[in-house]
Structure formats: structure tokens, C-alpha cells
Amino acid sequence: MINMEMCMRCGSVREDLEVRCKRCGGPFKVVIDFPFVKSDLRANFPYIKEWVTLGEFNTPMIRKNNVWFKLDSLNPTGSYKDRGAVTLISYLKGRGIRRISEDSSGNAGASIAAYGAAAGMEVEIYVPENVSGVKAKQIELYGAKIIKVKGSRNDVAKAAEGSSAYYASHILQPHFRDGIRSLAYEVVRDLGWRAPDYFFIPTSAGSLLLGVYEGFKHMLNDGIIDKIPRIISVQTEQVMPVCAKIKGINYLPPTKVTSVADALVSTQPYLLEEMVKILKETGDCVVVSDEEIIVAHKELAKNGILVEYSSAVVYAAYKKMRLSGESVVLHITGHGLKSIKFS
Ligand SMILES: [Zn+2]
């Protein structure tokens, strides 16, 4: 059946764009029970009738020092989140939604604001009171209404969910997470329809991990690849709830995240149990320090690849693992121009 969403925790079918499962409060996912279309990757998103496109997807993958870098930083708003924003916003537009809210002062906020603007929607972005930086400016330039909220990150999310506009959360909406499948398809295609041995990603809220896993699984089920790569989730010493859970370490989140990797902020991710399940099946988690991130960031830049600190974590983790001979893809999530600070 095409166009079905199901609760990831109790299996209830989503009835009408509800954000959380009515029965158990769990997150929904898009059910992938259609054949993989090799000749046209966009055909693998059959719930979209008309794409609100800004030129996303098909980002370059380059090889350097025996490693592949998938440069998703070269998507239209400068981050991989455009893969999720394009599918979510295109779907919502098709369902007649005209006003949306979202909570993110970072890449997700910028991406939702851009695609919302392209779709002619009214967009409200809820952000922490003290927000600053390039990404917040980017959101504003796309014409979104910025609403500053006092209190914790959770209070910001609550305000966005409580808005009279439809809550287009990049964490809860299944059609956002689902767009990330496209990343797995492109990586496998660009390696000659083979899965890499390792796929490194930064991990925060979980939409990247859950989304890309579904893409690999889709191709595995259809016999396109013969294995799912080992997915290595990378977290920082300050924000490592997933790694702590996998390794059985006690983790106490800091009251304030001060790491240079400022996009990796989910100290208590809503999708934690779903992430842990995938990594136990087919991956692992690696923690890197700020010192390691800064060295990795500098080294990439000296090779001509300018990334966000939050993206440099994958290179730091790769160096730490000392792999040799395996095929490795590092996912570069966000552009370096977004995290430049002028003093
Ligand atoms: Zn449920």
C-alpha cells in the first residue's frame, strides 16, 4: 500500500497528519513496501505528487586519502536537512497545509524556512531567546517569522507544537525523516551500486540515522546491495546519550552545551530507543573530544573541504578508528560557511 505511516512503537496506522501516535505517543514512520526504482531515485517517494524543489539531491561524492566524502553541505541551504525538508514540505503542500511551525535555530530551521518559502507557506520558527549566528540570520532571510521563547530547549519545542500552525517538526514528522533515504540511494549508486563497508554520520536527534538506515534496508530487501554498511554514529563528549546507552556508560548531560559542534545538541533525544536498536543491529557509536574535532576541522579545510565543526566529527572519529582497506564514506552534513564566527 502506498502512502501509509505507522507508529514505530505500537504499530498503529496514522490516520490524518497527527504528529504523535494517539495510542502510545510514539513517532510515526513511512512504510516502505514498494519496489526500489533504480532508474529514477525520486520515484522512491511515491507520496509526492509535485516536488517543491530548490535543486536538492545528487550532491558530489569525492575521494581523498582513500576515503569518500559525501558533500551534503552542497545542498541548497548548505546542509543535508534539505533532503528531509523537500519531502516533508512537498507532501504537506500536496495535503493542503499552508501554515507551519518548527523549532530549530539551526540547519533544520533554515531548511524548513527555505522550502516553506518556496512552497508559498507561512512559516513560524521557534528559537531560544538568546539565539544568534549565521543560521538564525539565514532563517530570517527566507522570510520566516522568528519567535523567541524563554526557557529550555524543551520549552521552545512545546511552544512550536502548541502553535495554531501545523507542527512541521523535523524530528517527529515521518516525511522529513523519510527524505533522508535518498542519501543512502545516492551513496550506493555512486559506488557502482555497492554498499560501503562503513558509513560515518554525526548523530544528534536521530533523523539522519533512522532515515539513511531505511534507505539501505530498502535496497537490501530488493537485492540491490548484499549488506547494510556498518553505520558509525559520532557524538561529542558533551552530547553522547546514544553512545552512553550503547556502551552502558552513565551519562549526565551538561546544563549548557558549549562544544564547538553546536549542531549536536540532543542530550535527551526522543528517538533514542529507535537509534540504539539500529546501531546494535548494524553499527557502533564513537565519541570524540572538542580537541579532536578542531584538529579534524582544520585538516579538512587545509585539504580544501570547509565543513561545520558538527560535520568534522566524522573525520575525527574515522581517524580514531584507524581502519585500513575497508571502503569508507564520511557524511559531510553542513557547510563550513555556516559556522564561521566573526569577532
Ligand atoms: Zn503508537
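**View 1. Salt bridge between Arg9 and Glu274.** Across the whole structure, which is a predicted model, a search finds 21 salt bridges. In one of them the side chains of Arg9 and Glu274 meet, with an N to O distance of 2.7 Å. This pair links distant parts of the chain, 265 residues apart, since Arg9 sits in the loop between strand 1 (5-7) and strand 2 (28-30) while Glu274 belongs to helix 9 (residues 272-282). Arg9 counts as partly exposed at 33% relative accessibility, whereas Glu274 is buried, with a relative accessible area of 9%.

**View 2. Salt bridge between Arg42 and Glu56.** The side chains of Arg42 and Glu56 meet in a salt bridge of 3.0 Å, N to O. Both residues lie in the loop between strand 2 and strand 3 (61-64), so the pair ties together parts that are 14 residues apart in sequence. Arg42 is partly exposed at 24% relative accessibility, and Glu56 is buried at 3%.

**View 3. Buried residues of helix 3.** In helix 3 (residues 134-141), the buried residues are Lys135, Ala136, Gln138 and Ile139. Because they cover an arc of only 155 degrees around the axis, they are on the same side of helix 3. Their cover includes helix 2 (107-118), strand 6 (122-128) and strand 7 (145-149). Just after helix 3, Gly143 takes a positive phi of about 90 degrees.

**View 4. Lining of the largest cavity.** The search of the whole structure finds 1 cavity of 30 Å³ or more, and the volume of the largest cavity is about 60 Å³. Its lining comprises Lys64, Asn65, Phe69, Glu299, Leu300, Asn303, Ile305 and Tyr315, which by class are 4 nonpolar, 2 polar and 2 charged residues.

Note on methods
Residues are numbered from 1 along each chain as its sequence is written. This is a predicted model: local features need pLDDT of at least 70, side-chain atom pairs count only at pLDDT 80 or more; totals for chains, interfaces and linings use all residues. Side-chain values use heavy atoms; hydrogens and water are left out. On a 1 Å grid over the protein atoms alone, a cavity is a set of points where a 1.4 Å probe fits but cannot get out, and a pocket is an open set with protein on both sides within 12 Å along at least five of seven lines; lining residues have an atom within 4 Å of a point. Grid points are joined across faces, edges and corners, and a volume is the space filled by probe spheres set on the points. Ala, Val, Leu, Ile, Met, Phe, Trp, Tyr, Cys and Pro count as nonpolar, Asp, Glu, Lys and Arg as charged, and the others, Gly among them, as polar. Buried means under 20% relative accessible area, exposed over 50%, partly exposed in between (1.4 Å probe, protein chains only). Helices (H or I, at least four residues) and strands (E, at least two) are DSSP runs, numbered from the N terminus. The arc is that of the directions from the helix axis to the C-beta atoms. Contact means heavy atoms within 4.5 Å. A salt bridge is a side-chain nitrogen of Lys or Arg within 4 Å of a carboxyl oxygen of Asp or Glu.
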